[in-house]
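Reader: Please show the chain and its model. I will then ask about single residues and how they are placed.

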Amino acid sequence: YPAGTFDIVIGNGVLHHLPEMGRVAREMHRVLKTGGLYVGREPNFGNPIAKRRVLDELRTENEHEITRGEIMQAFGGADFDLEVRYFWRRLPWLNHPLLGFGMRVQATAR
């Protein structure tokens, strides 16, 4: 796609399938308009139940564990303003690195 094409990119559990997250973040930044938004959800591998479920029960050949820090590094290096919050859909206010089942990623292209 041409640069600056999209207002929003949505990813539901896709980043942990992509080994070159920095490259992916740079490409998202390229196709987003300035002020454009990436919104995504990833499993929180810091939660032992989420880790077991994704990596043991649902494992595919391209599944790999990612951390909040890796997400922040990849998107920060690609010129995004970024927020990564832990959550559990049954308790949406829960923002805890061990108890949150997932991570909500919201990145705005600068």
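Reader: Leaving aside its neighbours within four places in sequence, which residues is arginine 30 in contact with?
Author: This is a predicted model, in which local features need pLDDT of at least 70 and side-chain atom pairs count only at pLDDT 80 or more, while totals for chains, interfaces and linings use all residues. Residues are numbered from 1 along each chain as its sequence is written, and side-chain values use heavy atoms, with hydrogens and water left out. Contact means heavy atoms within 4.5 Å. Once neighbours within four places in sequence are set aside, arginine 30 is in contact with Tyr1, Pro2, Ala3 and Gly4.

Reader: In which helix is arginine 30 found?
Author: Helices (H or I, at least four residues) and strands (E, at least two) are DSSP runs, numbered from the N terminus. On that basis, arginine 30 is found in helix H1.

Reader: What distance separates the C-alpha atoms of arginine 30 and threonine 5?
Author: Along the chain, arginine 30 and threonine 5 are 25 residues apart. Their C-alpha atoms are separated by 8.6 Å.

Reader: Is tyrosine 1 buried or exposed?
Author: Buried means under 20% relative accessible area, exposed over 50%, and partly exposed in between (1.4 Å probe, protein chains only). Arginine 30, at 32% relative accessibility, is therefore partly exposed. Tyrosine 1 has 69% relative accessibility, so it counts as exposed.

Reader: What kind of pair do the rings of tyrosine 1 and phenylalanine 6 form?
Author: Rings of Phe, Tyr and Trp (its six-membered ring) pair if their centres lie within 6.5 Å; planes under 30 degrees apart count as stacked, over 60 as edge-to-face and the rest as tilted. The structure holds 3 aromatic pairs. In the pair of tyrosine 1 and phenylalanine 6, the ring centres are 5.0 Å apart and the planes are at 75°, so the pair is edge-to-face.

Reader: Which residues form one aromatic cluster?
Author: The cluster has one tyrosine, Tyr38. Its members are Tyr38, Phe75 and Phe80.

Reader: Leaving aside its neighbours within four places in sequence, which residues is methionine 28 in contact with?
Author: Methionine 28 lies in helix H1. Its relative accessibility is 9%, so it counts as buried. Apart from neighbours within four places in sequence, methionine 28 is in contact with Val9, Leu15, Tyr38, Phe75 and Phe80.

Reader: How are H1 and H3 placed to each other?
Author: Axes are lines fitted to C-alpha atoms, for helices over the stretch in contact, and angles run from 0 to 180 degrees between N-to-C directions. Helix H1 (residues 21-31) and helix H3 (residues 68-76) pack with their axes 8 Å apart, at an angle of about 45°. Angles under 35 degrees count as roughly parallel, over 145 as roughly antiparallel, 65 to 115 as roughly perpendicular and the rest as oblique. H1 and H3 are therefore oblique.

Reader: Which residues of H1 and H3 make the contact?
Author: The contact draws on both helices. From H1 come Met21, Gly22, Ala25 and Met28, and from H3 come Glu70, Ile71, Ala74 and Phe75.

Reader: Leaving aside its neighbours within four places in sequence, which residues is valine 84 in contact with?
Author: Valine 84 has its place in strand S3. With 4% relative accessibility, valine 84 therefore counts as buried. Beyond neighbours within four places in sequence, valine 84 is in contact with Arg68, Ile71, Met72, Met103, Arg104 and Val105.

Reader: What is the phi of aspartate 79?
Author: Aspartate 79 lies in the loop between H3 and strand S3 (80-87). It is not a glycine, although its phi is positive, at about 70°.

Reader: How far apart in space are glycine 46 and leucine 98, C-alpha to C-alpha?
Author: Glycine 46 lies in the loop between strand S2 (32-43) and helix H2 (48-57). Leaving aside its neighbours within four places in sequence, glycine 46 is in contact with Pro97 and Leu98. Glycine 46 and leucine 98 are 52 residues apart in sequence, and their C-alpha to C-alpha distance is 5.5 Å.
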